[in-house]
Amino acid sequence: MQNGDREQLELPPGPDGRSARKALVVLLDGVRFDCLTQASTPVLDRLAAEGFLAPTRIFGTDLAPTLSGPAISSIATGVWPDKHRVPGNRLHGHALDRYPDFLTRLESAVPPRRTFAALDWAPLGLPEDGGPVFSDAIAAKIALATAQTWAAYRRDDARLLGAAARVLRERDPDAAFVYLGAPDIAAHEFGCRGPQYREAIETCDRQVGDLLAAVDARSQRAGEQWLVIVVTDHGHRDEGGHGGDSDAERTAWVALAGDGAPTAAPATLSNVDIAPTVLAHLGVAWVGEPPDGHALIADAGAAGPSA
């Protein structure tokens, strides 16, 4: 599904889920941890109070540049770039068939869990620049090819958010992944110390709140157990930009709350923990080579990795 105007996005059919255990993962691209703590983010603050919000450290340039392609692929697959082999923001040469995204793993489970993805950076959901990271096995996917400007991402994040909220409220995904790209582009265009970047972070906080409100408005909500994860993929230099080994670029963060969530960050925490955590919450065993991360929830329903 492509975009080009400001009209409300058409929803794809489905998904028709079958699990009372459900998960929502929201990725806010390029939100630097120290800038996040300085912004007004009441929604993320509430999630942190109910669970935790803590910094993580992503791979260094010995594995891949600290770019969204390899960083988001690590979140999606549960393995680091030496395995998924996404080399940068052009994904050609990857091993994503061997290390699929966690929504695709859920779709291939027995019985399958039905999933949804909302994406407005083209390689995440479309066959562009070596993509997609999130495969076409996903039951319902909205994938946009957004121009790489802050104005375009402000527009398309809002349109994508509206569509995702409708799916969460009216349809039945067992797991959903929503990507919002405006903060990263704001940092690239204006740097991390200006009002535009702070505005982008605070807008994302409100958008996460809209997604949570949609979950709470579900007619079946009382009988469901939702796990909510919000994550960023990388940081930025002060002037904007990333790809190197500085602490500002390699520091990311994870927020987790909901049913089964711990109330304090574990001693070891990384972005590759997201995929196994979602599968564990939905009671799906990890098939094949184990992930580099581990499940963050205490009462995981899955028996663990299996051959």
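This is a predicted model: local features need pLDDT of at least 70, side-chain atom pairs count only at pLDDT 80 or more; totals for chains, interfaces and linings use all residues.
Student: Which parts does the pair of Arg32 and Asp238 tie together?

Tutor: The two side chains meet in a salt bridge with an N to O distance of 2.8 Å. Arg32 lies in the loop between β1 (21–28) and α1 (33–38), while Asp238 lies in the loop between β6 (225–231) and α10 (247–250), so the pair ties together parts that are 206 residues apart in sequence.

Student: Is Arg32 buried or exposed, and what is the relative accessible area of Asp238?

Tutor: Arg32 is buried, at a relative accessible area of 5%, whereas Asp238 is partly exposed, with a value of 41%.

Student: Where do Asp34 and Arg193 lie?

Tutor: Their side chains form a salt bridge at 3.5 Å, N to O. Asp34 belongs to helix α1 and Arg193 to the loop between α8 (182–190) and α9 (195–216), so this pair ties together parts that are 159 residues apart in sequence. Asp34 itself counts as partly exposed, with 27% relative accessibility.

Student: What is the distance between the closest N and O atoms of Glu170 and Arg169?

Tutor: In that salt bridge the closest N and O atoms are 3.7 Å apart, and Arg169 is partly exposed at 33% relative accessibility.

Student: Which residues do salt bridges with shared partners join into one network?

Tutor: Lys22, Asp172, Asp174, Arg218 and Glu224 are joined in this way.

Definitions and conventions. Residues are numbered from 1 along each chain as its sequence is written. Side-chain values use heavy atoms; hydrogens and water are left out. A salt bridge is a side-chain nitrogen of Lys or Arg within 4 Å of a carboxyl oxygen of Asp or Glu. Helices (H or I, at least four residues) and strands (E, at least two) are DSSP runs, numbered from the N terminus. Buried means under 20% relative accessible area, exposed over 50%, partly exposed in between (1.4 Å probe, protein chains only).
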